[in-house]
Amino acid sequence: MIRIVMKDIEKYYGANYVLKKLNLEIFEGERVGILGPNGAGKSTAFKIISGSENYETGDLFITRGAKIGVLDQIPVYPEHYSVKQCLYTPLEPLMSQKRELDEMTERLKSDSSDRLLEKYGELLSRFELADGYSMDDRVNEVAKAFNFDEIFLEKPFMLLSGGEKTKVNLACLFLSDINVLLLDEPTNHLDLSTINWVEDHIKKFAGTVVVISHDRYFLNQAVTRIIEINDGQAQSFKGNYDAYSQQKKLQMEQQMEQYTIEQKKIRQLEEAAKRMHEWAKQADSAKMHRRAFSIEKRIERIDPMDKPKVERKLTSGFDAIKSKSNEMARLEGVKKAFGENVVLKNFDGLVRKNDRIALLGNNGSGKTTLLKMLLEMETLDSGTIKLSPSAEIGYLPQEIEFDDGEMTVLEWIKQTLEKDEASARGLLAQYRFKQDTVFKKLSGLSGGEKTRLMLCKLMNGPVNFLFLDEPTNHLDIESREWVEEAVSEYTGTMVFVSHDRHFIMKFSSKYWTLVDGEVFEYEGDFEAYKAIVEEYYKKPERIEPERIDVNFKAEAQAQSQGKPKLNTVMIEKLENEIEEIEERLLEIEDCLYSGALAAQEIEQLIAEKEALNIAHEELYDRWTKYSIVI
């Protein structure tokens, strides 16, 4: 059943044509990701669906009974409301029933009439049917998932930052009685553990989910179809982000092939017409001229397709210089606190040459603080950090600011890299600053443009120790991929903070995870790290390991105290899942060979069998990884 339809929707902002006869359909129960470059009209389409934005022409159809929840709208609460009170707001109908039940309970002490008992019973049945007694558990579960501690829960909502309000709003949505969920960049401002929880609940959500996101890992995990909005128009692709990416690549290849064939045909016709005219002159033949004119008219009737736009690949790479030392940084007894907030208790760490270390942890755990201490931009309370004398540092901060915002891009590069104008313009062109864009003022640059400009500086200076703080934050997918392309050229040592799991998977080989002032170290595959840590930390009887490293020292410590090994836990879990799939596959085989099924039932079973075979193969791959480690 179709849940949402946009037909020939047009939208202007002044003279700016944002949506050009936009057409899209979203079906009940779908999980759809909306993609497109910044300014393509994604958020405008969202606002039109939610009813917060009007449109000029076209039609919007939303199925009757749709209860829409929107992330990008921050609700207005009474001034005195705490975060906890906000979380209970979506449950107000149940809370009202609970208050009525409490009142009736008191009345029953003095009035036990049949009528009152009957009314009480009816209300109690409705309350229990709506799972009213689990209200507190549901709120506590969501608060725990979003890392809302007791202090945060008591904070006034009006005093929260924009990011904190967004997190509370998202938490409220998961507590609401809705069947259509509209999420605009839901993973912004969230730490990795919370993102994992959101992904899991989106998969379990029984209604329709429509999400705008630049988080490719999230899109791979959470959606089953991609709608790309570009130049105000929509195109649909089945599958998650990886499937979309493959289809886009194939589509681009096909379009380029069609364009090449068409251009070749036009050239052949032009050459044929030219030869025909030449022959007509030589033979003084009006007939041959008419044939040439006929070919030219045929060329005029061709509506040539535009050449597919293919962005130029980055041609410049980091000027990485080799370090003479095998140790780039050594940390001994490092302690750091801000008042009662302890960032590091007593950390000993080593950054080796060519390490790629991702600093992970919940928001506020101290990742950026540790990064800045390594950069000598933040003081230590005690302990030492020694950098290699041969370290040539490059730093890409989370928020890029320039001392003089009135300078142009060209002026800044000329001054920073000591280039003449011709060399500076040639260099900037490699970073997509072409023609008049080199005259843009620094204060007017977008986040993506600032990142590209800063990379231009870093990649054209000697660097062997690179520090990145959320390098893909606030960037669209195209810009994120461009940044990744730039970083992939770098061959030196790197320490970075990121919530972009696609970026983490691509570049990290070691992880320092900050938890309550401790740093847990792990070396190896991100998916294995993620699965092990998730499985380990949800165990109530866990001990706190000193480290989680490639040799699983924490597992050995846990086993010595009678606790299960991390890998053993995961292997048992995977083997159970594999066994369940194999049993279901046998059931399907029996059904298919029974000869008692209708054609539609056979198609459904074959589709289920194919999906289970894929899942079976993936589980075996993961099982193999853990088995090899043991």
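Buried here means under 20% relative accessible area, exposed means over 50%, and partly exposed is in between (1.4 Å probe, protein chains only). With that in hand, start with D184: it is buried yet has no salt bridge, a salt bridge being a side-chain nitrogen of Lys or Arg within 4 Å of a carboxyl oxygen of Asp or Glu. This is a predicted model, so local features need pLDDT of at least 70 and side-chain atom pairs count only at pLDDT 80 or more, while totals for chains, interfaces and linings use all residues. Residues are numbered from 1 along each chain as its sequence is written, and side-chain values use heavy atoms, with hydrogens and water left out.

**Buried polar and charged side chains**

- D184 sits in strand β6 (residues 180-184); strands (E, at least two residues) and helices (H or I, at least four) are DSSP runs, numbered from the N terminus.
- For D184, the nearest side chain of opposite charge is K47, 6.9 Å away; in this bookkeeping Lys and Arg are positive, Asp and Glu are negative, and His and the chain ends are not counted.
- What D184 does have is a polar contact of 3.2 Å between its side chain and that of S43.
- A polar contact is a pair of N or O atoms within 3.5 Å; within protein, one must be able to donate a hydrogen and the other to accept it, and residues adjacent in sequence count only if both atoms are side-chain atoms.
- N169, in helix α7 (residues 162-175), counts as buried because its relative accessibility is 4%.
- The side chain of N169 reaches the backbone oxygen of L71 at 2.7 Å.

**A buried valine**

- V198 belongs to helix α8 (residues 192-204) and is buried, at 1% relative accessibility.
- Between the C-alpha atoms of V198 and A171 there are 9.2 Å, and the two residues are 27 apart along the chain.

**Salt bridges**

- Side chains of opposite charge can pair when their charged atoms come close.
- Searching the whole structure turns up 28 salt bridges.
- E589 and K609 form one of them, at 2.5 Å from N to O.
- That pair links distant parts of the chain, with E589 in helix α20 and K609 in helix α21 (residues 599-629), 20 residues apart.
- Both ends are partly exposed: E589 has 22% relative accessibility and K609 has 25%.
- K441 pairs with E406, and their closest N and O atoms are 2.7 Å apart.
- K441 is in the loop between α14 (421-429) and α15 (447-458) and E406 in the loop between β15 (393-396) and α13 (409-417), so this pair ties together parts that are 35 residues apart in sequence.
- K441 is partly exposed, with a relative accessible area of 41%.
- R330 and E327 make another salt bridge, with 2.6 Å between the closest N and O atoms.
- R330 is partly exposed at 32% relative accessible area, and E327 is partly exposed at 32%.

**Charged surface patches**

- Patches are made of residues with over 30% relative accessible area and no salt bridge, with like charges joined within 9 Å and nonpolar side chains (Val, Leu, Ile, Met, Phe, Trp, Tyr) within 5 Å.
- The place of a charge is taken as NZ of Lys, CZ of Arg, CG of Asp or CD of Glu, and the areas come from the Shrake-Rupley method with a 1.4 Å probe, where for residues only the protein chains shown count as cover.
- On the negative side, E572, E575, E579, E580, E582 and E583 form a surface patch.
- E580 lies in helix α20 (residues 566-592) and is exposed, at 55% relative accessibility.
- On the positive side, K265, K297, R298 and R301 gather in a surface patch.
- Helix α11 (residues 286-301) supplies the largest share of the positive patch, three residues.
- R301 is in helix α11 and is exposed, with 64% relative accessible area.

- Most residues other than glycine have a negative phi.
- N147 is not a glycine, yet its phi is positive, about 60 degrees.
- N147 is in the loop between α5 (135-145) and α6 (150-153) and is partly exposed, at 35% relative accessible area.
- D231, also not a glycine, has a positive phi of about 55 degrees and lies in the loop between β8 (225-230) and β9 (233-238).
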